Amino acid sequence: MDFLQQFLQQVLNGLTLGGIYSLVALGLTLVYGILHVPNFAHGAFYMAGAFVSFHLMTRYGVNYWLAMAGSAAVVAVLSTLAERLVFHPLRHHSGLHPMIAAIGMMLFLEATAQLIWGADFQRMQSPYSGIVELGGLTAPVQRLLIIAAAFLMMVVLHLFLKKTVTGSTIIAMAQNRDGASLVGIDANRVAMLTFAIAGALAAIAASLYAPINLVYPAMGNLVITKAFVIIILGGMGSVPGAIVGGLIIGFAESFGAFYISSDYKDIIAFVLLVVILSVRPQGLFTKGVR
Amino acid sequence: MKYLEGRIGWTLLVLAGLVFPFVTGNDYHLTVMSTAYIFALATLGLNLITGYTGQFNLAHSGFMALGAYVVGILTVDHQVPFWVAFALSGVITAVVGLPLGFVSLRLKGHYFSIFTLCVGYIMFLVIEKWESLTHGTVGIIGIPAPTGFGGYVFDQPRALYYLVFAFLVVGAFVMHRIVTSLLGRTFMAIRNSDELAESLGINLARNKLLSFLLSVFYAGLAGGLYAGFVRFLGPDLAGTHHTFEMTTFMLIGGIGTILGPLLGAIGMPWLSQHLQFLQEYRYVVFGPLIILLVIFVPNGIVGSYLAWKARRASNEAKKLAAPKAAQPVNTTAPQGGATHA
């Protein structure tokens, strides 16, 4: 029984981590699908999302959910601006230049956050600090909330992409740029929309995760690197791949931290990637050469 | 400008470097300059794999830290003489780079960059967490200064400056020989197009790996010098921000040139010195600067100058060619008419 409890506890942790990672990876994979640019600044958007929520809650006493919505809106605007001002002018350049520009943007956002909020670690309060007991299994409410909200967001995103015309334009653009243009899809509009969605998802993920973690300017770095691992595993540009990959990494980390070593838990994702790509350079779920 | 190109220009630069300690009377300036030289050496390495071979390696600072830790661990914990440890710093970095390069270079473009980003992170985390070997976050303290012949010790700023400078000059010269050789042309062919290079009979995997190994060898040596120069090491050296910084140097000076990365790596720290009131906020200025450069001056200072020169040369060639091309038409037309008549 004891073993089973510990096991279920790790499943719960895995779902929490996996949900957060999936939300971040989804934004990254959508952007990659449209622009074929690895957006290194995506982690900085995640960080900005946490700070905006934190700011709204501590400075203006805004309700947790409203703060999350506000931060999603702010980061969506930020992300769209990045597309307009940085990636759009570079759309005809080779692979190297947009990557470096994305890094420049990441460094800028981090330094700006540090300028505004300082380099210190901040703690964000959640109104949901209770603990639920379920048959010997203890679950902090915030964790259950993360799981519920993350999977709700995934369902909403799925319905948006599959059931609405606007959502379909994103999929069409990702599948074939020229074809999408031929049927009258405005490439600029789709690119902006995609960046806005990616930014909002990152902000929501950060706001959900922040109460059980810390808020600081470099908080996005580790998350974004893991999100890259996830979308490489899941196939870059693939939406289901991002969700499955996020859960794989989430579970690998929670079980690895518990059964192997919590010191090295942050390495697990990368070792997994290195091992998998050494055996299968094309990733787990994709076909064809890179 | 023409006089300053080629050998004369390089000689002048070396002379300037030699005279610098006599011009500045300030040890602090010497330290800033020596640190800049060490990072310039590492940036030359990054430039070989990224600027000349077209593979953006984001684990570069990890390899630099590896070289530094080889020197730190061997000299402090195992009492190995500095120069033996230093020689090993380059070799061990290349040995570790061999399997890592082999695995990562099977991936192309973005995948290679993201993969090396992860490799760099692993290197950073291993250095930070493997306390029994690397002393973890405490770092390695008390690395001995490099020794010279007959008991001489490089512990004065001026002596260290010349030592580091000598390595940079040799490093830049060797790099110049590499990129102007057939091997360098091979790397550039790979940068310009994988498929085209392969169809010319170039072995992609072997040449990419060779470029990668040479590149990390430079990083390892630069790290070894860093350990002997700063004499204190922390895991921070492996942080990705150092790779990003070196990328900025390379980009500002001119990617895929020798002079460009040197200019960037030596000029930028001086610019930072003047922006010292910004300190850790310098990326509030430099971040947008990087973006603007990438958009408007994608070839950097040296690259833009070369492009301007090439444009001018082709314009002049056109001017010279134009009257010559016009002449035969004028002269042959009447002749042709004459033979008909």
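In this predicted model, buried residues account for 51% of the 290 residues in chain A. The chain is built from 11 helices and 4 strands. Its C-alpha trace stretches over about 60 × 50 × 35 Å along the principal axes. A compact globule with 290 residues would have a radius of gyration near 19 Å, and chain A, at 19 Å, agrees with that.

Helix packing in chain A can be looked at through one pair. Two packed helices are described by the angle between their axes and the distance between the axes. For α6 (residues 165-175) and α8 (residues 187-209) of chain A, the axes come within 10 Å and cross at roughly 105°. Angles of 65 to 115 degrees count as roughly perpendicular, and α6(A) and α8(A) are therefore roughly perpendicular to each other. On the α6(A) side, the contact is made by A:Thr169, A:Ile170 and A:Met173, while α8(A) brings in A:Ala187, A:Val190, A:Leu193 and A:Thr194. Sorted by class, this contact has 5 nonpolar and 2 polar residues, with no charged ones.

Next comes the contact between the two chains. Chain A puts in 37 residues and chain B 33 residues. On the side of chain A that touches chain B, the elements giving two or more residues are α4 (96-117), α9 (219-234) and α11 (265-279) of chain A. Of these, α4(A) gives the most, with 15 residues. By class, this side of chain A comes out at 25 nonpolar, 8 polar and 4 charged residues.

B:Thr186, B:Phe187, B:Ile190 and B:Arg191 are buried. Viewed down the axis of α8(B), these buried residues fall within an arc of 145°, so they line one face of the helix. As for what the buried residues of α8(B) pack against, the partners are α2 (27-52), α9 (194-199) and α10 (204-230) of chain B.

A few loop residues round out the picture. A:His36 sits in the loop between α1 (2-35) and α2 (42-60) of chain A. Its phi is positive, about 55°, even though A:His36 is not a glycine. A:His36 counts as partly exposed because it has 16 C-beta neighbours inside 10 Å. Chain B has a residue of this kind too: B:Arg231, also not a glycine, has a positive phi of about 65°. B:Arg231 is located in the loop between α10 and β2 (232-233) of chain B, and with 18 other C-beta atoms within 10 Å it is partly exposed.

Further along chain B, B:Val297 occupies the loop between α13 (282-296) and α14 (300-340). Since B:Val297 has 14 C-beta neighbours inside 10 Å, this residue counts as partly exposed. B:Val297 and B:Ile252 are 45 residues apart along the chain, yet their C-alpha atoms are separated by 8.4 Å.

Definitions and conventions: Residues are numbered from 1 along each chain as its sequence is written. Chains are lettered from A and ligands numbered from 1 in the order in which they are written. This is a predicted model: local features need pLDDT of at least 70, side-chain atom pairs count only at pLDDT 80 or more; totals for chains, interfaces and linings use all residues. A residue is buried if 20 or more other C-beta atoms lie within 10 Å of its own, exposed if 12 or fewer, and partly exposed in between; C-beta atoms are placed from the backbone. The arc is that of the directions from the helix axis to the C-beta atoms. Two residues are in contact if their C-beta atoms, placed from the backbone, lie within 7 Å. Ala, Val, Leu, Ile, Met, Phe, Trp, Tyr, Cys and Pro count as nonpolar, Asp, Glu, Lys and Arg as charged, and the others, Gly among them, as polar. The radius of gyration is taken over C-alpha atoms; the globule rule is 2.2 Å times the number of residues to the power 0.38. Axes are lines fitted to C-alpha atoms, for helices over the stretch in contact, and angles run from 0 to 180 degrees between N-to-C directions. Angles under 35 degrees count as roughly parallel, over 145 as roughly antiparallel, 65 to 115 as roughly perpendicular and the rest as oblique.
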